[in-house]
Amino acid sequence: MFRIPIAERPQWQKRAEEFGFEFHTMHGEKYWDESAYYQFTLEQIEKGIEAPTEDIHQMCLAVVDKVIKDDELMRRFCLPEAQWDFIRQSWLNGDPSLYSRLDFAYSGKGDAKLYENNADTPTSVYETGFWQWLWLQDNVDAGVLLPHSDQFNCLQEKLVNRFKEIKYLTPDRVLHFSCCKDTPEDRGTVQYLEDCANEAEIETDFVYIDDIGRDAEGSFTDTKDQVISSMFKLYPWEFMFQEAFSSQLGKNNIRWLEPPWKSLLSNKALLPMLWKMFPNHPNLLPAFFEDELHLATGIDSLVKKPIFSREGSNISFVGKDTHIEASSGPYGEEGFIYQATYMLPKFGNNYTLIGSWLVDDQAAGISIREDSNPITQDMSRYLPHVIV
């Protein structure tokens with residue numbers, strides 16, 4: 001695995017605007033970075049990332065199956081008790097999932113180590129499924145990259161095929177897409193997924209989360225007073241459960257993407273549960289609930305993570321690595337878990353995180369984020385990759 005400098009494509013920013021990639025630069029800072037790329041061998045992808053991704057995903061599903069049957073374990077995940085039946089029923093009904101992203105520390109050598117599971121609202125799907133593939137094609141066509149250069153990236157194809165399956169499972173429903181207002185990255189992500197759904201010949205519509213209403217019967221409605229019967233929402237379940245409308249969840253005949261049972265996988269309580277059920281697995285890091293820290297014997301450095309943390313918020317270090325500056329954010333009141341410290345590999349001045357995507361239980365591609373800080377956050381740069 002190498003980080004290799006490369007010349008940027010001429011006027012790529014203009015092309016990005018034409019393709020709707022309006023968040024390539026955010027707050028005056030570069031988000032998409034094509035001044036370098038990461039190079040892998042096929043073996044590193046297949047054995048180092050792809051196989052562990054599918055293995056860990058099945059382990060995560062086993063955790064869900066165990067947790068929903070046990071009230072005490074459900075309590076560990078800090079989700080409102082009033083929503084437990086809603087969550088459980090979605091699992092027992094086999095409500096389909098669309099996609100997930102597992103985040104790994106991996107240097108190309110040894111075992112990839114799982115940091116977390118972004119199972120509910122993973123972003124950077126457009127950059128992964130479409131934009132980095134276009135970067136590869138452009139550079140191969142220009143003779144900058146070798147003709148046989150490849151990429152671990154079948155994400156867009158798998159998303160379209162998964163939407164076709166979902167259409168078959170839930171026919172004759174308009175699929176509403178939704179995100180919050182004033183979030184360009186989220187809006188771009190949702191637009192891309194809506195395009196994939198349209199390619200699968202699903203009828204779609206869009207409504208901002210902020211504009212969803214309710215009719216006299218308690219059904220959720222859009223701004224045209226259409227009843228919502230199927231929805232992809234780029235809005236976390238733990239936020240949904242705190243909204244005033246949460247009492248109506250489960251009382252409407254809505255097919256949700258992602259389904260409510262995903263609230264157990266996007267939750268950091270998943271990490272100590274994985275370690276309990278699959279101790280010493282080569283791709284897992286030791287992880288512990290706050291009241292079980294006495295089990296962390298012999299571990300001299302831990303990462304403290306809020307149970308609901310997203311985009312690297314409110315992460316801090318306990319033990320020998322307390323010199324690393326903690327990240328800020330709105331999380332923590334719900335409690336914390338502790339995970340053994342395993343630093344991201346460093347290429348030059350860049351700490352590098354690999355996101356491994358899944359669609360319908362199958363590995364589908366990778367995304368790469370890098371930062372000068374060991375905590376990957378929302379503004380960490382996105383770089384493309386190749387397989388040679």
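1. Two strands are counted as paired if DSSP finds at least two bridges between them. Strands themselves are DSSP runs of E with at least two residues, helices are runs of H or I with at least four residues, and both are numbered from the N terminus. By this rule, strand E7 (residues 175-178) pairs with E8 in the parallel sense over three bridges. Within this pairing, Leu175 stands opposite Thr204 in E8.

2. The model is predicted: local features need pLDDT of at least 70, side-chain atom pairs count only at pLDDT 80 or more, and totals for chains, interfaces and linings use all residues. Residues are numbered from 1 along each chain as its sequence is written, and side-chain values use heavy atoms, with hydrogens and water left out.

3. E7 and E8 belong to an open sheet of four strands in the order E8-E7-E11-E12, with parallel pairing. Strand E8 (204-206) and strand E12 (255-257) stand at the edges with a single partner strand each, so one side of each has no neighbour in the sheet. On average, neighbouring strands of this sheet are turned by 25° against each other, direction ignored; the angles are taken between axes, which are lines fitted to C-alpha atoms, and run from 0 to 180 degrees between N-to-C directions.

4. A nonpolar core is a set of buried Ala, Val, Leu, Ile, Met, Phe, Trp, Tyr and Cys residues joined through side-chain atoms within 4.5 Å. Buried means under 20% relative accessible area, exposed over 50%, and partly exposed in between (1.4 Å probe, protein chains only). The largest core has 70 residues, and Phe40, Trp256 and Leu264 have the most contacts inside it. Helix H2 (residues 42-67) supplies the largest share of this core, nine residues. A second, separate core of 42 residues includes Met26, Leu98, Phe163 and Cys196.

5. The structure holds 27 aromatic pairs, in which ring centres of Phe, Tyr or Trp (its six-membered ring) lie within 6.5 Å; planes under 30 degrees apart count as stacked, over 60 as edge-to-face and the rest as tilted. Phe220 and Phe245 form an edge-to-face pair, at 5.5 Å centre to centre and 70° between the planes. Phe220 lies in strand E10 (residues 220-221) and Phe245 in the loop between helix H8 (237-240) and E12, 25 residues apart.
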